[in-house]
Amino acid sequence: KQWYQRRVAITAGVVHIPYPQQKIYHKIQARLVRELEKKLSGKHVIFLARRRILSKPTRHSRNLSKQKRPRSRTLTSVHSAILDDLVYPAEIIGQRRRIKLDGSQIIKIHLEKAAQINTETKLDTYTAVYKRLTGKDVVFEYRD
């Protein structure tokens with residue numbers, strides 16, 4: 001299988017897997033994460049599907065295929081999918097975007113309360129990984 005690992009910060013190992021095999025990995029992800037965290041001496045392990053962002057077509061861009069860009073290849077869609085992959089066993093139930101006076105943005109992600117036991121220790125890791133991959137600041141909270 002083709003997958004590669006990227007270390008983000010020092011507390012996490014991010015494993016990029018091919019997108020078509022994502023459903024297969026979801027079935028065994030809990031056991032796989034547990035074993036890899038033991039092997040990596042307690043560092044958090046995160047599985048992300050490898051996705052492609054296609055640039056926005058303009059009048060001067062060279063689009064040889066003459067096809068419309070799929071929604072799943074847009075920047076917004078890929079960043080949203082990365083967020084879903086990042087917190088996988090947990091579900092995202094809400095999202096708020098706060099824009100400060102200086103123009104900086106913070107995204108608040110609301111996770112389901114049932115997943116708090118499993119994911120509470122990983123929230124700082126999720127924030128660091130998402131910041132490193134997308135450049136966006138994100139804060140995770142639990143809601144009922």
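Analyst: The account below begins with the pocket, then turns to the salt bridges and the nonpolar cores.

This is a predicted model, in which local features need pLDDT of at least 70 and side-chain atom pairs count only at pLDDT 80 or more, while totals for chains, interfaces and linings use all residues. Residues are numbered from 1 along each chain as its sequence is written, and side-chain values use heavy atoms, with hydrogens and water left out.

The largest pocket holds about 310 Å³ of space. A pocket here is an open set of points on a 1 Å grid over the protein atoms alone, where a 1.4 Å probe fits, with protein on both sides within 12 Å along at least five of seven lines, and a lining residue has an atom within 4 Å of a point; the volume is the space filled by probe spheres set on the points, which are joined across faces, edges and corners. Of the 18 lining residues, Ala30, Val33, Pro89, Asn118 and Lys122 are the closest to the centre of the pocket. H1, S3, H2 and H3 each supply at least two residues of the lining, and H1 gives the largest share, 6 residues. Helices (H or I, at least four residues) and strands (E, at least two) are DSSP runs numbered from the N terminus. By class, the lining has 10 nonpolar, 4 polar and 4 charged residues, where Ala, Val, Leu, Ile, Met, Phe, Trp, Tyr, Cys and Pro count as nonpolar, Asp, Glu, Lys and Arg as charged, and the others, Gly among them, as polar.

Lys122, one of those residues closest to the pocket centre, also forms a salt bridge with Glu37, the closest N and O atoms being 3.4 Å apart. A salt bridge is a side-chain nitrogen of Lys or Arg within 4 Å of a carboxyl oxygen of Asp or Glu. This pair links distant parts of the chain, with Lys122 in the loop between helix H3 (116–119) and H4 and Glu37 in helix H1 (residues 22–39), 85 residues apart. Both Lys122 and Glu37 are buried, a word that stands for under 20% relative accessible area, with exposed being over 50% and partly exposed in between (1.4 Å probe, protein chains only).

A search of the whole structure finds 5 salt bridges. Among them, Asp85 and Arg51 meet at 2.5 Å, N to O, and they too link distant parts of the chain, Asp85 lying in helix H2 and Arg51 in the loop between S3 and H2, 34 residues apart. Asp85 counts as buried because its relative accessibility is 5%, whereas Arg51, at 26%, counts as partly exposed. Lys131 and Asp137 meet in a salt bridge at 3.1 Å, N to O; Lys131 is partly exposed at 37%, as is Asp137 at 35%.

The largest nonpolar core has 19 residues, and those with the most contacts inside it are Leu86, Ile109, Leu111, Tyr126 and Phe140. Such a core is a set of buried Ala, Val, Leu, Ile, Met, Phe, Trp, Tyr and Cys residues joined through side-chain atoms within 4.5 Å. Apart from this core lies another, of 6 residues, among them Val15, Ile17, Val33 and Phe47.
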